[in-house]
Amino acid sequence: MKMNLKVRNSLLLVLTALIWGIAFVAQSEGGDAVGPYTFNCIRSLIGAAVLLPVIYVLDKKHYCKKDLKDTVNRKNLLKGGVACGIILCIASNIQQLGLYYGASAGKAGFLTTCYILLVPILGLFLKKRCSWNIWIGVALALAGLYLLCIKESFAFHFSDILLLICAFCFAVHILVIDHFAPLVDGVKMSCIQFLVAGVLSIIPTCLCDIPSMGITPWIQAFGNLSAWIPILYAGVLSCGVAYTLQIIGQVGLNSTVASLLMSLESVFSVLAGWVLLQETMSPKELSGCALIFAAVVLAQIPVKSHKPEFISQN
């Protein structure tokens, strides 16, 4: 992979992390307003709708290199979109529940980025190798997560456990994208995954959010501008833009390096929570943030190896 393309894709993933980091604030506010499942349902469907005109323009300009008349390309697109959509639905709804049950935007951002540890571990089962600096980066990031999350009681809250399960799901999501991204058109796969995630989220919305809130208060919640601002941010930017940038940016990058870059969302989530929600963090927690940031920087340092670094073989 050419270095300039690798740098471009790395920057796309940093931009993705920035959008996602701010989105934790939107998720915290929007989930409280309309319910966690409702929020994810609507934002996913908005994300799919936003990408439809983009796909139309790209097709008109002939930017898509994957011909959907080809049966293999069409099957890969459908399988990739549905698989990513199912995993995204599970991961995002569990994440939203973690926020709903009291996790701060900053803490949720850092716990979610535990996928940086899980991606290389799961990757070992797929025969994906990482250089020594990446493993050190993972260890530093894990130490940072410890400083952030473990208090004197050495116990996790229920919201912490939910967010760690969410991190596992996002690790699987990253590896699934790593498999399908080189095979399909990224924007179309992103659109399909949001449509699938949005449709599936209708089920818990009807079973959980509406009965718990009551149909009248649930409907009235949508008349509040404070509910629509976070929904639109999460739908248009976090879903429509950021997840599409993730699919494009991951092409050709080591999946663990990609996960470390995207883990910067944790740093951005803390900054966004501090600026927008007046959340504060202790010196210990800020030290954890610094360690994770150092881990991301370390993972980007080129390391010579006698063995070729893993790049997706798909």
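Q: Is L58 buried, partly exposed or exposed?
A: L58 counts as partly exposed, at 24% relative accessibility. Buried means under 20% relative accessible area, exposed means over 50%, and partly exposed lies in between, with a 1.4 Å probe and protein chains only.

Q: What kind of model is this, and how are residues numbered?
A: This is a predicted model, in which local features need pLDDT of at least 70, side-chain atom pairs count only at pLDDT 80 or more, and totals for chains, interfaces and linings use all residues. Residues are numbered from 1 along each chain as its sequence is written, and side-chain values use heavy atoms, with hydrogens and water left out.

Q: Where does L58 sit?
A: L58 is in helix α2. Helices (H or I, at least four residues) and strands (E, at least two) are DSSP runs, numbered from the N terminus.

Q: How far is L58 from V187 in space and in sequence?
A: The C-alpha atoms of L58 and V187 are 9.3 Å apart, and the two residues are 129 apart in sequence.

Q: How do α2 and α8 pack?
A: The axes of helix α2 (residues 36-60) and helix α8 (residues 186-213) come within 7 Å and cross at roughly 160°. Axes here are lines fitted to C-alpha atoms, for helices over the stretch in contact, and angles run from 0 to 180 degrees between N-to-C directions. The two helices, α2 and α8, are therefore roughly antiparallel to each other. Angles under 35 degrees count as roughly parallel, over 145 as roughly antiparallel, 65 to 115 as roughly perpendicular, and the rest as oblique.

Q: Left-handed or right-handed?
A: The crossing of α2 and α8 is left-handed. That term applies if the near helix is turned anticlockwise from the far one by less than a right angle, and right-handed applies if clockwise.

Q: What residues make up the contact of α2 with α8?
A: They divide into 19 nonpolar, eight polar and three charged. Ala, Val, Leu, Ile, Met, Phe, Trp, Tyr, Cys and Pro count as nonpolar, Asp, Glu, Lys and Arg as charged, and the others, Gly among them, as polar.

Q: Where is the kink in α8?
A: The kink in α8 is centred on T205 and is about 45°. The bend at a residue is the angle between axes fitted to the seven residues ending there and the seven starting there.

Q: And what follows α8?
A: G214 follows α8, and its phi is positive, near 95°.

Q: Changing topic: how many disulfides are there?
A: The count comes to zero disulfides, where a disulfide is a pair of cysteine sulfur atoms within 2.5 Å.

Q: What about C166?
A: Its closest cysteine sulfur is in C169, at 6.8 Å, again too far for a bond. C166 has a relative accessible area of 0% and is buried.

Q: Which helix holds F180?
A: F180 is in helix α7 (residues 158-180). F180 is buried, with a relative accessible area of 10%. Between F180 and L77 the C-alpha separation is 7.9 Å, although they are 103 residues apart in sequence.

Q: How does α7 meet α10?
A: α7 and helix α10 (residues 225-249) pack at an angle of about 55°, with axes 9 Å apart. They are therefore oblique to each other, and α7 passes α10 in a right-handed crossing.

Q: And α5 with α7?
A: The axes of helix α5 (residues 115-124) and α7 come within 8 Å, crossing at roughly 50°. The crossing of α5 and α7 is right-handed.

Q: What about L271?
A: L271 is in helix α12 (residues 265-277) and counts as partly exposed, at 41% relative accessibility.
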